[in-house]
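Here are some notes for a first look at this model. Please read them with the structure open.

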Amino acid sequence: MDSRHLEAIFDECLPEAPSSGGEILREIREKLLPNCVHTGHGGYLGLITSSPLPIGVIGDLIASAINQNLGTYSIGPGAVSIERRTIRWLCDLVGYGPKSGGNLTSGGMLANLIGLKLARDHASGQQAQEKGPSGEWGVYTSEERHVSVDKAADVVGLGRSSVRNVETDDEFRIRLDSLERSIESDLRSGVRPACIVAMAGSTNTGAIDDLAALRTLADRHGMWLHADAAYGGGLLVSHAWSHLLNGLERADSVTVDPHKWFYAPVDVGAVLVRDEAALCRSFGLRPPYLTDDSDSSEDRYQYYVHGLEQSRRFRALKVWMSFKRYGADQIGRWVDANVGHARRIHEIAESSPRFTSAVKPPMSAACIRYLPERELSQEQLDALHYQAFQRIEQGGEFWIGTTRLKGRTWFRACAVNYRTTDGHIRRLMELLESECREIELTLSR
């Protein structure tokens, strides 16, 4: 999609006079819809944005119409109750006990930010939120982490340099020996270990770190353990693969994004906390203009006391309605089908002389690389992958991505789409091979 063309078709001054609803919808139909990436299409296998369930779309419409603000109980009581119940369901899926809690966020970026703030406050003995962090702190995480971890370290005042980039093994899981060396080196240098951020489904490959071992290591050094299951949390409803997340319940906090693999429309993420009281310790300010004098028994749950956001959209409705309409059983079957799609890509790649697969997918993301017949430089091979991606995108039949793993460029296809079929997967692989062969010929001339 040409950005200059899009800028041009929407280039107009602020309207002074009204237009008819029909005229506005015509513009939507002619200008917006042809220039969207249609994530509901079975060939959408790109970034981790799911095909939205129809009932979730209706939920978003209702949420906008009733316009509840969940920040304060008194202006959204029913909505607060539905979010509390939705959070309870997610905590139950993780394996957390009755003292757990959390809140819904815009996505994993904000959820990881809250998780790292909780870690900072815990490591400082609840002093950092008053005085700011002092000294140097270490945040230990995989080289396959999401960029939100680095941004969170920046925002909570630890600094991006506090993030320790720990190498991974051949299956892209954090290497425990490298992690221990990093911690010991910091201790010798006077740096205080604050937090381990575990991957419970990395963005590139769906890699899952050894959660039990990381819990042991965190306990040894008094660290907070946060697990990023923004993508991988979908496995919690899987019938075949939920055991891969064993140990997740031992994390102090967990990020889960229903808008990734529970097929909810954007935006809705979640931060879940094993001990809900940690949220109040970290955020519990009660300004007088929000004090609810009618709540003499203090049984009204005030989200502004338990989280970062005060104005909060009614994000829970689409998730609550989706679980009610389809049930965890059916959603789990779609998740299992998506894992099967990634494994089919892996199998086709491994059985072909023209492709290789980075790793057998533990989740629904597959990374594959084209193997040319002719000798190409690394630069040419990278260019081949980028050009093939562009051709696939321009063709409109599929949307996939590219990424970098261990210094090399790979195609990345990720199925979080209940409309994707095995037929889509076969066609994608045929198309990829055809495009790559054609580009190879032009590069090798």
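1. Lys406 counts as partly exposed because its relative accessibility is 49%; the cut-offs are under 20% relative accessible area for buried, over 50% for exposed and in between for partly exposed, with a 1.4 Å probe and protein chains only. Lys406 sits in the loop between β10 (401–405) and β11 (408–414). Its phi is near 50°, a positive value in a residue other than glycine.

2. A word on the basis. This is a predicted model, in which local features need pLDDT of at least 70 and side-chain atom pairs count only at pLDDT 80 or more, while totals for chains, interfaces and linings use all residues. Residues are numbered from 1 along each chain as its sequence is written, and side-chain values use heavy atoms, with hydrogens and water left out. Helices (H or I, at least four residues) and strands (E, at least two) are DSSP runs, numbered from the N terminus.

3. Asn67 also has a positive phi, near 50°, and is not glycine. This residue follows α3 and lies in the loop between α3 and α4 (77–94). Asn67 counts as exposed, because its relative accessibility is 62%.

4. Does the length of α3 agree or disagree with what its residue count predicts? It agrees: at 1.5 Å a residue, the 13 residues should span 18 Å, and the end C-alpha atoms are 19 Å apart. The expected span is 1.5 Å times one less than the number of residues.

5. Which residues of α3 are buried? They are Ile55, Gly56, Gly59, Asp60 and Ala63. These residues lie on the same side of α3, because they cover an arc of only 150° around the axis. The arc is that of the directions from the helix axis to the C-beta atoms. On the other side of α3, Leu61 and Ala65 are exposed. The cover over the buried residues includes α12 (316–351).

6. Leu33 belongs to the loop between α2 (21–32) and α3 (54–66). Leu33 is partly exposed, at a relative accessible area of 40%. Setting aside neighbours within four places in sequence, Leu33 is in contact (heavy atoms within 4.5 Å) with Ile28 and His38. From Leu33 to Arg312 is 279 residues in sequence and 28 Å in space, C-alpha to C-alpha.

7. Check the peptide bond between Val266 and Asp267. It is cis, with omega about 5°. Asp267 is in the loop between α10 (258–261) and β7 (269–273).
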